[in-house]
Amino acid sequence: MMAAGSLFAVLVLVFVLVGLACTVFWIWSLVDLLRRPDQQYTAAGQTKVVWLLVVLLGHVIGSLIYLLVARPSLDRAAALRY
């Protein structure tokens with residue numbers, strides 16, 4: 001049976017790792033968003049500034065929304081354009 005102190009340490013480690021993974025995902029989303037040319041957003045009928053605000057202010061939730069909503073249409077626009 002685990003002692004209360006070691007259980008607490010495991011929980012802290014889990015929370016730190018989840019927080020680190022979320023922050024890495026958020027940074028990856030920002031980099032992906034900022035590296036795409038403005039013309040790609042225009043071709044997809046979207047606005048880069050709006051998505052930047054969604055990801056910046058929404059952190060992980062904003063990044064998930066960007067990944068699930070904006071990115072597929074941006075990829076389709078890139079495939080058609082380039």
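**View 1. Trp-51 and Tyr-66, a buried pair of residues****.** Both Trp-51 and Tyr-66 are buried, meaning under 20% relative accessible area, with exposed being over 50% and partly exposed in between (1.4 Å probe, protein chains only). This is a predicted model, so local features need pLDDT of at least 70 and side-chain atom pairs count only at pLDDT 80 or more, while totals for chains, interfaces and linings use all residues. Residues are numbered from 1 along each chain as its sequence is written, and side-chain values use heavy atoms, with hydrogens and water left out.

**View 2. The aromatic pairs****.** How many aromatic pairs does the structure hold? There are two, where rings of Phe, Tyr and Trp (its six-membered ring) pair if their centres lie within 6.5 Å; planes under 30 degrees apart are stacked, over 60 edge-to-face, and the rest tilted. Phe-25 and Trp-28 make a stacked pair, at 5.9 Å centre to centre with 20 degrees between the planes. These two residues sit three residues apart in helix 1, about one turn of the helix. Phe-25 counts as partly exposed because its relative accessibility is 21%, and Trp-28 is partly exposed too, at 36%. Back to the residues of View 1: Trp-51 and Tyr-66 pair edge-to-face, with 6.0 Å between centres and 65 degrees between planes.

**View 3. Helix 1, end to end****.** Helices here are DSSP runs (H or I, at least four residues), strands are E runs of at least two, and both are numbered from the N terminus. Among the residues of helix 1, Trp-26, Ser-29, Leu-30, Asp-32 and Leu-33 are buried.

View 4. The C-alpha atoms fill a box of roughly 60 × 20 × 15 Å along the principal axes. Of the 82 residues, 24% count as buried. For contacts (heavy atoms within 4.5 Å) with a separation of 6 or more, 64% come from residues 24 or more positions apart.

Methods: The expected span of a helix is 1.5 Å times one less than its number of residues.
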